[in-house]
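Here are my notes on the model, as numbered points you can read with the structure open beside you.

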Amino acid sequence: MTSQYDAMLDQMVADYSLVTNGYAGSAPANPYPMFEEKRAQCPVMHGDLLQQNKIPSMADYMMTGRPVVTLYRYNDIHSVLMNPDDWLSYIVGDGFGAAVDNMLLTAMDGEEHSKYRKTLQKPFMRSQIRKLMDTLIRPVVVHEFVNQLKPRGKADLLREFALPFPIRAMYAYFGFPHDGDLLGNLASWAIKVVAAPQTDPEIAKITIPQSMVAGQSMYETLLPIVRGYRERGEMRNDILGYMMQAEHDGEAFSDEEIANFIRMLLLAAGETTTRSFANMMVQLLEAPEVLEEIRQDRSLVPKAVTETMRRDPTAGAVARIAARDMEIGGMTVPKGTAVLCSIASANRDPEVYEDPDRLWLKRPMRPLLSFGFGPHMCMGMHMALTEMEVALEEIIALPNLRFDPGYPRPEIRGLNMRGPDALHVLWD
Ligand code: HEM
């Protein structure tokens, strides 16, 4: 392994920690007892749970002081996410939209959203992604990572696997050249864009201009890649190839538009998979009997992915704003009020999930909220699920995989972008 590669991993860990700390604020590492209390006492709560814990909140990223209500129950959150005409998404772009010329699918509403979504989602459909499972994703996971780790008997799976592998797989599917510096730079800029909103105005004075520079650097890096691809006349079966042939409102996309879309996708595609994989491994290593169940019956792998994502999701909350006076959970929510939907709380709502704290692979399935729900449900969901399934299969094939007792037990923390700080493991 080159020292350049090590330096890139160090940078990724540093960026990752910055995000974890930002989204941990003053909240307890284990927020689930607090959610239980909130569901019982104030399931529709005046105030913003994230701001109360000194965490930037997508319900009011720019701290304008708009009224915010936090929702804790599954059914209330499900109904908000299923009703995009009454509950709008534009506020999600407040904090960092400017850094990416406001090209954010997640912050679009109405027809603009549905049209773009229809065009952009084709290469992310389940049928497309499943074709990549053994042609792209498994070769990356096995040849570039697991085979290198195997003889060593120990690793920090966060630094050496969970951080780089999803980016590597995703970038290969974009159609980017295989270049470590490119990968490291884009990943780091993407985090700087997302890290723009801060609760401390003094820190925001630094992070907001920094996000503008990062957004511009991403664009300036992506545009020549797109142009080069077009000039070579490549039409490979990857995202760049798809976008060059796609039509939106009867017109082909320009290179500039494609660079803009790819930048938007990069913001969403990086760390979310890293964190979900790490949270899954922490939960499974804490429950060796469940891990053994999966080893004995590999058909449980997809269940292990979704059940661990339910029990401890990385995307702990999403936000919307009321387009008109609304009623939710028996309470009136006036027009212009934002709702912060605590997905992490909804995922342990006993009205929907029996024995919700238990890691139970064979539990009756309910629609999973960890990728959001409704028309804005994560467009990269099948990519993320497939990556996590392959990664789990390959990592649990390491014999007698266990926590390394030489390090503190990893702790998943944060109210959003939840994840552990490291994942030190041993195998035989
Ligand atoms: C396990 C990993 C992931 C998690 C937990 C996750 C989570 C989410 C969530 C919760 C939303 C909904 C936001 C909202 O409703 O306000 C979302 C939207 C989105 N995600 Fe992901 N995501 C993951 C991976 C990815 C990947 C790999 C991509 C790749 C391109 C991606 C692209 C997107 C896009 C484009 C949207 C916006 C969709 C829309 O508004 O129509 N995500 N994601």
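1. Let me start with Y171. Setting aside residues up to four places away in sequence, Y171 touches F176, L183, L186, A187 and L266, where contact means heavy atoms within 4.5 Å. Please keep in mind that this is a predicted model, in which local features need pLDDT of at least 70, side-chain atom pairs count only at pLDDT 80 or more, and totals for chains, interfaces and linings use all residues. Residues are numbered from 1 along each chain as its sequence is written, and side-chain values use heavy atoms, with hydrogens and water left out.

2. Together with F161, F176, I262 and F277, Y171 is among the residues with the most contacts inside the largest nonpolar core, which has 155 residues. Such a core is a set of buried Ala, Val, Leu, Ile, Met, Phe, Trp, Tyr and Cys residues joined through side-chain atoms within 4.5 Å. Buried here means under 20% relative accessible area, exposed means over 50%, and partly exposed is in between (1.4 Å probe, protein chains only). Helix α6 (residues 126-149) gives the most to this core, with 10 residues.

3. Now the overall fold. The protein has 17 helices and 12 strands; these are DSSP runs numbered from the N terminus, with helices (H or I) of at least four residues and strands (E) of at least two. Its radius of gyration is 21 Å, close to the 22 Å that the globule rule gives for 428 residues, so the protein is as compact as a globular protein of that length. That radius is taken over C-alpha atoms, and the rule is 2.2 Å times the number of residues to the power 0.38. Along the principal axes, the C-alpha atoms fill a box of roughly 60 × 55 × 45 Å.

4. Two totals go with that picture. Of the 428 residues, 59% count as buried. Among contacts with a separation of 6 or more, 75% are made by residues 24 or more positions apart.

5. On to the ligand. Which residues come nearest to the ligand? Of the 25 residues around it, they are H113, R117, R320, H376 and C378, with a residue counted as near if one of its heavy atoms lies within 4 Å. By class, this shell has 13 nonpolar, 10 polar and two charged residues. The classes put Ala, Val, Leu, Ile, Met, Phe, Trp, Tyr, Cys and Pro as nonpolar, Asp, Glu, Lys and Arg as charged, and the others, Gly among them, as polar.

6. Some distances to the ligand are worth a look. A polar side-chain atom of H113 lies 2.6 Å from a ligand oxygen atom, and one of R320 lies 2.7 Å from a ligand oxygen atom. For H376, an N or O atom in the side chain is 2.6 Å from an oxygen atom of the ligand. The elements that give two or more residues to the shell are α5 (110-120), α12 (255-269), α13 (271-286) and β7 (317-322).

7. H376 is found in the loop between α16 and α17 and is buried, with a relative accessible area of 18%. Its side chain makes a polar contact with the side chain of S89 (3.3 Å). A polar contact is a pair of N or O atoms within 3.5 Å; within protein, one must be able to donate a hydrogen and the other to accept it, and residues adjacent in sequence count only if both atoms are side-chain atoms. Leaving aside neighbours within four places in sequence, H376 is in contact with S89, L105, T106, M108, H113, R117 and R320.

8. R348 lies in the loop between α16 (343-346) and α17 (381-395). Is R348 buried or exposed? R348 is buried, at 7% relative accessible area. The side chain of R348 makes a polar contact with that of D357 (3.0 Å). Beyond four places in sequence, the contacts of R348 are Y32, R39, R310, R311, P356 and D357. D355, placed in the loop between α16 and α17, counts as partly exposed at 43% relative accessibility.

9. Finally, two backbone details to check. K54 is not a glycine, yet has a positive phi of about 60 degrees; K54 sits in the loop between α3 (49-52) and β2 (68-71) and counts as exposed at 57%. D101, also not a glycine, has a positive phi of about 50 degrees. D101 lies in the loop between β3 (87-88) and α5 and counts as exposed at 53% relative accessibility.
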